[in-house]
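Student: Could you show me how to read the way parts of a protein chain pack together? I would like to go slowly.

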Amino acid sequence: MLPMDQVRAAFPALALTDDGVARLYLDAPAGTQVAGRVVDAMGHAMIAACANNGGLFRTSVAADSIADAAVAAAAAMFNCADDEVIFGLNTTSLFFQMAPLIAANWQAGDNILLTRMDHDANVSPWLQAAQARGVEVRFLEWDRETFALKLETLPDLINARTRAVAVGHASNFLGTVNDVAAVCAAARAVGAVSIVDAVQSAPHLALDVGAVGCDVMAASAYKFFGPHFAIMYISRRLQAMIQPLKVRPSADVMPTRLMPGTPNIEAMAGTTAAIEHLAWLGEAAGTVHAGAPLRQRLVAGLAAAQAHETELMRRFLTGIAAVPGVTLHGIANANRLHERVATFTFEIAGRSADAIAADLAGRNIFVWNGYYYAWEPAGVLGLRDRGAVRVGFTHYNTLDEVDVLIGALADIAA
Ligand SMILES: Cc1ncc(COP(=O)(O)O)c(C=O)c1O
């Protein structure tokens, strides 16, 4: 079990109050609070390692160490080799950066497969690349009853002309965790490149690119308790298929060959610290030793987080079921909690999403209203205009906070 006092003390922002009222952060699917060690690591990098990489003097050597540590930490997070990771501004720009490289050999008559469940960051870059290359775009639909992708339709959608398949690991709208291994296996069977958006799963589940069998996976550090920055796995197979993004003088080695220009050293330091925070959760829960390898500690840490979040989900689902007029757009079955993350999108009859979010904001409860760039799923549900309310729980939230939210929603519904 997670020692919640220690866990909450690890996040300086959780202690902030406004006129004596605590802040209830339920906006994690849009961005989590930042672990204190992340703030310290970034400050340290900007004071003690403030230099460009590759020099012979102390600060440059320190900057190199920070970059190396970040590569190793991101590789532990994806469970891949060090020469298979790059960093970027955010996941959206990394996908936009990779799309033209991956699409370079697509031809008319080819097709790509996207989903109606994904955040638009994993749709528009591939749509635009397909348009530029004159390639057909197909969509994998999801079931309105089960909130799961219709995997049984894959054989009709993927064929020998499929060049790429892009799928989300966990939905930022429905909360569904998809069987991405099944989708990637179908892509691999026809030689298509598979791309997995792990932005919403990374804060909750251990990632494993080998088990998933993808060519690309991306996650954003600011959604897993770190800075505004992103990490991406690119398989060696795919690296061999694409042109490097390099200026002539830069080294033709990873990550430099796919990361043009001066890297954000302080964000790299912060990202390493965020990954260390996830690993520390395992130590805090007493399920792994502090001296164990980073990957092992990460897996233990995320398992501890997941166990705690499962209790939060249970409490939320029980509570919301008693609030009149609620429609939840996602899995509500307590026996299927392993198929979702703690991201819940819902409506309350007779109350607009904007009004609910504003009412909650007045109580210092931070939630999102709208459709959160989940253009396709919001379109399926007809919610692009009126939107819905989204709350997300993460390992720093408590059962008491769930109760406070439910009490407020009951008030609003009445
Ligand atoms: C599932 C998912 N993918 C991609 C993104 C975009 O991430 P970024 O802001 O890092 O580009 C988000 C952001 O909300 C997301 O939830």
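Tutor: The C-alpha centres of domain 1 and domain 2 lie 25 Å apart. The assignment gives domain 1 as 4-36 + 286-413 and domain 2 as 40-273, with bounds from an automatic or database domain assignment. This is a predicted model, in which local features need pLDDT of at least 70 and side-chain atom pairs count only at pLDDT 80 or more, while totals for chains, interfaces and linings use all residues. Residues are numbered from 1 along each chain as its sequence is written.

Student: How many residues does the contact take from domain 1 and domain 2?

Tutor: Two residues are in contact if their C-beta atoms, placed from the backbone, lie within 7 Å, and here the contact takes 33 residues from domain 1 and 33 residues from domain 2.

Student: Which element gives the most to the side of domain 1 that touches domain 2?

Tutor: Helices (H or I, at least four residues) and strands (E, at least two) are DSSP runs, numbered from the N terminus. On that side of domain 1, α11 gives the most, with eight residues.

Student: At what angle do helix α2 and helix α10 pack?

Tutor: Axes are lines fitted to C-alpha atoms, for helices over the stretch in contact, and angles run from 0 to 180 degrees between N-to-C directions. Helix α2 (residues 36-48) and helix α10 (residues 265-285) pack at about 150 degrees, with their axes 8 Å apart. That makes α2 roughly antiparallel to α10, a term for angles over 145 degrees. Among the residues making this contact are Ala41 and Met42 of α2 and Ala269 and Gly270 of α10.

Key: Parallel < 35°, antiparallel > 145°, perpendicular 65-115°, else oblique.
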